[in-house]
Amino acid sequence: MARHERMACLLLIIASGWCQAEISREARLALAGRQYSEAIAMLEPAAASGNADCAYELGKLYRLGKGAEPDQATAAYWFNIAASAGHLPAGYLLAETYLD
């Protein structure tokens, strides 16, 4: 593979992280205010539509049992969605969830 082709691949990988949609202001406020059940209700539709950041936050909430009963299988599901979209912290927590 030529040098310029390797650079183009590297740039695509880096840029993929910048394409992730953000969490809505309302969901951030719910998380900050520890209104976890409300946050889950706001995050799930966006996560189901492929928003990796929202899927990651959902995974954390389900893993820790905030806003819902602790559910490692559901946490792993959301971490997998996020990790599949290139969300590196989600990949780490997915592996950690499987190891627990």
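## Basis of the model

The structure is a predicted model, in which local features require pLDDT of at least 70 and side-chain atom pairs count only at pLDDT 80 or more, while totals for chains, interfaces and linings use all residues. Residues are numbered from 1 along each chain as its sequence is written, and side-chain values use heavy atoms, with hydrogens and water left out.

## Overall architecture

The chain contains six helices and zero strands, and its pattern along the sequence reads α-α-α-α-α-α. Helices (H or I, at least four residues) and strands (E, at least two) are DSSP runs, numbered from the N terminus.

Of the 100 residues, 32% count as buried, a term that denotes under 20% relative accessible area, with exposed meaning over 50% and partly exposed in between (1.4 Å probe, protein chains only). Among contacts (heavy atoms within 4.5 Å) with a separation of 6 or more, residues 24 or more positions apart account for 44%.

## Helix H4 and its ends

At the start of H4, a side-chain oxygen of Asn51 lies within 3.0 Å of the backbone nitrogen of Asp53. After the helix comes Gly65, which has a positive phi near 70 degrees.

## Burial of H4

Eleven of the 13 residues of H4 are buried, and the helix is thus mostly covered. The buried set includes Ala52, Asp53, Cys54, Leu58 and Arg63. The cover over the buried residues includes helices H2 (25–32), H3 (36–48), H5 (72–84) and H6 (88–99).

The axes of H3 and H4 come within 8 Å and cross at roughly 140 degrees. H3 is therefore oblique to H4. Axes are lines fitted to C-alpha atoms, for helices over the stretch in contact, and angles run from 0 to 180 degrees between N-to-C directions. Angles under 35 degrees count as roughly parallel, over 145 as roughly antiparallel, 65 to 115 as roughly perpendicular and the rest as oblique. The H3–H4 crossing is left-handed, meaning that the near helix is turned anticlockwise from the far one by less than a right angle (clockwise for right-handed). Residues making this contact include Ile40, Leu43 and Ala47 of H3 and Leu58, Leu61 and Tyr62 of H4.

The axes of H4 and H5 come within 8 Å and cross at roughly 160 degrees; the two helices are therefore roughly antiparallel to each other. This crossing, too, is left-handed. Among the residues in contact are Ala55, Leu58, Gly59 and Arg63 of H4 and Ala75, Trp78 and Phe79 of H5.

## Two residues of H4

Leu58, in helix H4, is buried with a relative accessible area of 0%. Not counting residues up to four places away in sequence, Leu58 touches Ile40, Leu43, Glu44, Ala47 and Trp78. Leu58 and Ala47 are eleven residues apart in sequence and 8.0 Å apart in space, C-alpha to C-alpha.

Arg63, also in H4, is buried with a relative accessible area of 17%. Its side chain is joined to that of Asp100 by a polar contact of 2.5 Å. A polar contact is a pair of N or O atoms within 3.5 Å; within protein, one must be able to donate a hydrogen and the other to accept it, and residues adjacent in sequence count only if both atoms are side-chain atoms. With residues up to four places away in sequence left out, Arg63 touches partners including Pro70, Phe79, Leu93 and Glu96.
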